[in-house]
Amino acid sequence: MEHIKTLNTKRLQSTVKDGGCGECQTSCQSACKTSCTVGNQTCENNK
Amino acid sequence: MIHTFKNNGINIVMDINSGAIHVVDDIAYDLINICDEKKIYEDGKAETGRKERLIEEGKKACPGVPAEKIEQAAKEIEELVEAEALFTLDAYEERVIDFSKRPNVVKALCLHIAHDCNLACKYCFAEEGKYHGQATELMSLEVGKAALDFLVKNSGVRRNLEVDFFGGEPLLNFGVVKEIVAYGRELEKTHNKKFRFTLTTNGVLLNEEVKEFANREMDNVVLSIDGRKEVHDKMRPFPSGAPSHDLILPKFKDLAESRGQQRYYVRGTFTHNNLDFSEDVLHLADEGFKQISVEPVVAKDTESYAIKKEDLPKLFEEYDKLAAEMAKRIGKENNFNFFHFMIDLEGGPCVYKRLSGCGSGTEYLAVTPKGELYPCHQFVGNEEFLMGDVFTGVKNEALRDRFKRCNVYAKETCKDCFARFYCSGGCSANSYNFNGDILSSYEIGCELQKKRIECAIMLKAAEAAATA
């Protein structure tokens, strides 16, 4: 495309079917302890 | 729903419900905003006549732009609508009902291994380890073992279990930490589980033995340091008032190096006293740390060091400044990770995780030295939130259900917020502490979160441009 570059190919819709296994980290376990930061976490199935 | 913003000279369009992120030129940026204002693709459909309407509106709004450019940009916009990557509708709300019925599984514990501390940090939400007047106390091995047994028993088919050694200062009870880890390794063999341990420490008691143990056993270590010496020492003194910065900095540098600059964070807190916190982040980066997390203090507004609403413009500026500096460092030796700007656009969490948030009170629980269970470390000591104990399990099921129902659709302020699938509704403890309700939101926290997401996405765009 000339005017638009899309940064990512993954779509949230596609995770509806196969998501929800729950193997991922809980967010406060990483560093935060005072906020809630979920978007930066990695799906265990994509590691 | 979309969100458009400009940061560091980059035009960005976020499609909230698909998670698609688009970097666009000025023409497309204006046209997409026209679509939003005029509700051209409001229903997520690219029906006949809509592109023509967009072109017409675009020509009116941008008279100096050649018609063929507007037509091409409109064509690209419509292609993205058709591909469900722009103006995508929200199709997840109904999933929340199913999700709230999911089985009760615990996969992570925050072990309050020591309700005692050897520093007297002024902003400590744990009140120097005493947590709302709880007695100074160390966790016994018996409680620690019972906690791991409780976790294994309640973890269902989940294999990866997380245990965080927290306090107070965990190294005041290092002997028990070692024994709990050894017990966990035995359980792994007999129950086909994998424990991922994290140690949080202020560094005062960090020595060669702790370092060797941490590097062998800890998946992650969180090292508490606020940044510049004067900033750190003002808020993190010893009980005598003596400074702690110079004692811990060399030890943290050594530990970070010994871990290959991986699987750790130096973790600081900024307050009203250092609104120029980007200087603290850069100070830590220039000391050689590669994994950095510096986060806003959460404190009642009666405290002099609390972040105030009027501080927000300055803090936004600081986040922008930090992000711009990090963009300059992409691909260079002095680059570093900033925890709150990390975002995983390709391998990030599934929509279920994004809807349900941090898991406090359900998948994640805190354990006191006595073995009591609370929804998370921030609720410890508040009797209203006592859930049970590690010996007899979760007894307060009504409370667990309240946390289970906590999701982005249950929070009024999240419904129209572009950040809802990144912060997942924010921190329940902050919501409760500021508004008395876990289903409310903490306004200052939300505003800062939104700014951080914009910066994080700008950095992804800058990285993509650098590698293109």
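Predicted model: local features only at pLDDT ≥ 70, side-chain atom pairs only at ≥ 80, totals over all residues.
Me: Starting point: buried means under 20% relative accessible area, exposed over 50%, and partly exposed in between. What is the relative accessible area of F434(B)?

Reply: For F434(B) the value is 29%.

Me: OK, rings next. How many aromatic pairs are there over all chains?

Reply: Searching the whole structure gives 18 aromatic pairs. One of them is formed by Y319(B) and F341(B). Their ring centres are 5.9 Å apart, with 55° between the planes, and the pair is tilted.

Me: Where do Y319(B) and F341(B) lie?

Reply: Y319(B) is in helix α11 of chain B, residues 312-328. F341(B) is in the loop between β11 (337-338) and α12 (351-356) of chain B. The two parts are 22 residues apart in sequence, so the pair ties them together.

Me: Is Y319(B) buried or exposed? And F341(B), buried or exposed?

Reply: Y319(B) has a relative accessible area of 0%, so it is buried. F341(B) is at 5%, which also counts as buried.

Me: Back to F434(B). How is it paired with Y442(B)?

Reply: F434(B) and Y442(B) form a stacked pair, 4.0 Å from centre to centre and 15° between the planes.

Me: Which residues form one aromatic cluster?

Reply: The cluster is made of F270(B), F277(B), Y319(B), F338(B) and F341(B). The tilted pair of Y319(B) and F341(B) therefore belongs to this cluster by its membership.

Me: New topic: strand β6 of chain B. How many of its residues are buried?

Reply: Eight of the eight, covering residues 160-167, so the strand is largely enclosed by the rest of the structure.

Me: Which way do the side chains in β6(B) point?

Reply: In a regular strand the side chains alternate between the two faces of the sheet. N160(B), E162(B), D164(B) and F166(B) point one way, while L161(B), V163(B), F165(B) and G167(B) point the other way. All of these are buried.

Me: What does β6(B) pair with?

Reply: Strand β4 of chain B, residues 108-115, pairs with β6(B) in the parallel sense over six bridges. Strand β7, residues 194-201 of chain B, is also parallel to β6(B) and joined to it by six bridges. V163(B) has L109(B) opposite it, and V163(B) also stands opposite F197(B) in β7(B).

Me: Where does E76(B) lie?

Reply: E76(B) is part of helix α3, residues 67-82 of chain B. Its relative accessible area is 1%, so E76(B) is buried. E76(B) and K51(B) are 25 residues apart along the chain, and their C-alpha atoms are separated by 9.9 Å.

Me: Last one, chain A. What is in chain A?

Reply: Chain A has one helix and one strand. Of its 47 residues, 60% are buried. Its C-alpha atoms fill a box of roughly 45 × 25 × 15 Å along the principal axes.

Me: How many positive and negative side chains does chain A have?

Reply: Chain A has 6 positive and 4 negative, and the centres of these two sets lie 3 Å apart.

Technical notes: Residues numbered from 1 in each chain as written. Chains lettered and ligands numbered in written order. Heavy atoms only, no water. Phe/Tyr/Trp six-rings, centres within 6.5 Å; stacked < 30°, edge-to-face > 60°. Helix = DSSP H or I, 4+ residues; strand = E, 2+ residues; numbered from the N terminus. Buried < 20%, exposed > 50% of the residue type's maximum accessible area, 1.4 Å probe, protein only. Lys, Arg positive; Asp, Glu negative; His and termini not counted. Charge placed at Lys NZ, Arg CZ, Asp CG, Glu CD. Pairing = 2+ DSSP bridges.
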